Each structure stands twice: as structure tokens, then as C-alpha cells.
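Subject: Structure handover

Hello,

Here is the structure for you to look over. My notes follow below it.

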Amino acid sequence: MKSIYPAELKSLIDKNEPIQIIDIRDPEEYDAGHLPGAILIRRLAIPACTEQISRNEKVIVYCTYGMKSDQVAIYLQEKHKFKNIYVLEGGIYDYAREVDPSINVK
């Protein structure tokens, strides 16, 4: 499983790199605060939404602390053969703590 650290992701965002960022938390958590450009695909909806996930660019998956996104990444890699999935280390919690404290983490 591939990981990306908050500062690395911030750099990709700042450079407008072609990436897809997927927030797998619940809608109320997403609404409270999410990463720039992130789309919401709830963790339990992932199996029905794989067609929304890019196979051509880096896909960064995140949750609150990183544990549930690990499970999603493994599922996408093993079941659907994605090779471009990255997990945000420490989730949105570490991103907010290390990069952008203005993000509300619920």
C-alpha cells in the first residue's frame, strides 16, 4: 500500500497536479471540513462507486486518522486492481494539524 504525507499532498495541490482526492467519511464530517478539491464517497459506498474513481491519476484516499482509508485502499487494490491508490498518512487530522489548521476536523 502506498502512502502520502500531508506536506507531500499539499505540494501536489499547490502545483495543480492531476490528482483525485476522496474523502470516505460521513457527509456531516465532510461538510464540517474537507481537503481542497476532495469529493465525498462514503467508505461503505466505495464498492458501488468504483467507476467514479480515476485509474489515470493519483488517487488519495483519506478518513479522519488513516485507519479506515487503509482498508479502502486494500480493497481497491486487491478487488479492483487499482494501482494508483495512496492513503493520506494520519488522515485529515494530521493534514489539519501539520498543514492547514483552518480545516475543521469533526
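**Helix α4 and its cover**

In helix α4 (residues 91–98), the buried residues are G91, I92, D94, Y95 and A96. Buried means under 20% relative accessible area, exposed means over 50%, and partly exposed lies in between (1.4 Å probe, protein chains only). Helices (H or I, at least four residues) and strands (E, at least two) are DSSP runs, numbered from the N terminus.

Before you go further, note that this is a predicted model: local features need pLDDT of at least 70, side-chain atom pairs count only at pLDDT 80 or more, and totals for chains, interfaces and linings use all residues. Residues are numbered from 1 along each chain as its sequence is written, and side-chain values use heavy atoms, with hydrogens and water left out.

What covers the buried residues of α4? The cover includes α1 (6–14), β4 and β5 (85–88).

A96 is one of the residues in α4. A96 counts as buried because its relative accessibility is 8%. Setting aside residues up to four places away in sequence, A96 touches P101, I103 and V105. Contact here means heavy atoms within 4.5 Å. The C-alpha atoms of A96 and G33 are separated by 9.7 Å, and these residues are 63 apart along the chain.

**The sheet**

Five strands form an open sheet, in the order β1-β5-β4-β2-β3, with parallel pairing. β1 (2–4) and β3 are the edge strands, and each pairs on one side only. Two strands pair if DSSP finds at least two bridges between them.

β2 is mostly covered: five of its five residues are buried. I19, I21 and D23 point one way, while Q20 and I22 point the other way. In general, side chains in a regular strand alternate between the two faces of the sheet.

Here is how β2 pairs:

- β2 and β4 run parallel and are joined by five bridges. K58 in β4 is the bridge partner of I19.
- β2 and β3 pair in the parallel sense over two bridges. I39 in β3 is the bridge partner of I22. L40 in β3 stands opposite D23.

**Charges**

How many salt bridges are there? The count comes to five. The rule is a side-chain nitrogen of Lys or Arg within 4 Å of a carboxyl oxygen of Asp or Glu.

R25 and D23 meet in a salt bridge through their side chains, at 2.8 Å from N to O. Are these two residues buried or exposed? R25 is buried, because its relative accessible area is 3%. D23 counts as buried too, at 0% relative accessibility.

D26 and R42 form another salt bridge, with the closest N and O atoms 3.3 Å apart. This pair links distant parts of the chain, 16 residues apart. D26 is in the loop between β2 (19–23) and α2 (27–32), and R42 is in the loop between β3 (39–40) and β4. D26 counts as partly exposed, since its relative accessibility is 30%. R42 is also partly exposed, at 38% relative accessibility.

Within it, the closest N and O atoms of R97 and E98 are 3.5 Å apart. R97 counts as exposed, because its relative accessibility is 52%. E98 is partly exposed, with a relative accessible area of 46%.

E29 deserves a separate look. E29 lies in helix α2. E29 is buried yet has no salt bridge. The nearest side chain of opposite charge is that of R25, 5.0 Å away. For that comparison, Lys and Arg count as positive and Asp and Glu as negative, while His and the chain ends are not counted. Leaving aside neighbours within four places in sequence, E29 is in contact with T64 and K106.

**A nonpolar patch**

Which residues make the nonpolar surface patch? Y65, M67 and Y93 make it, and it covers about 360 Å². Patches are made of residues with over 30% relative accessible area and no salt bridge; like charges are joined within 9 Å, and nonpolar side chains (Val, Leu, Ile, Met, Phe, Trp, Tyr) within 5 Å. Accessible areas come from the Shrake-Rupley method with a 1.4 Å probe; for residues, only the protein chains shown count as cover.

Y65 is in the loop between β4 (58–62) and α3 (67–80). Y65 counts as partly exposed, because its relative accessibility is 48%.

Best regards
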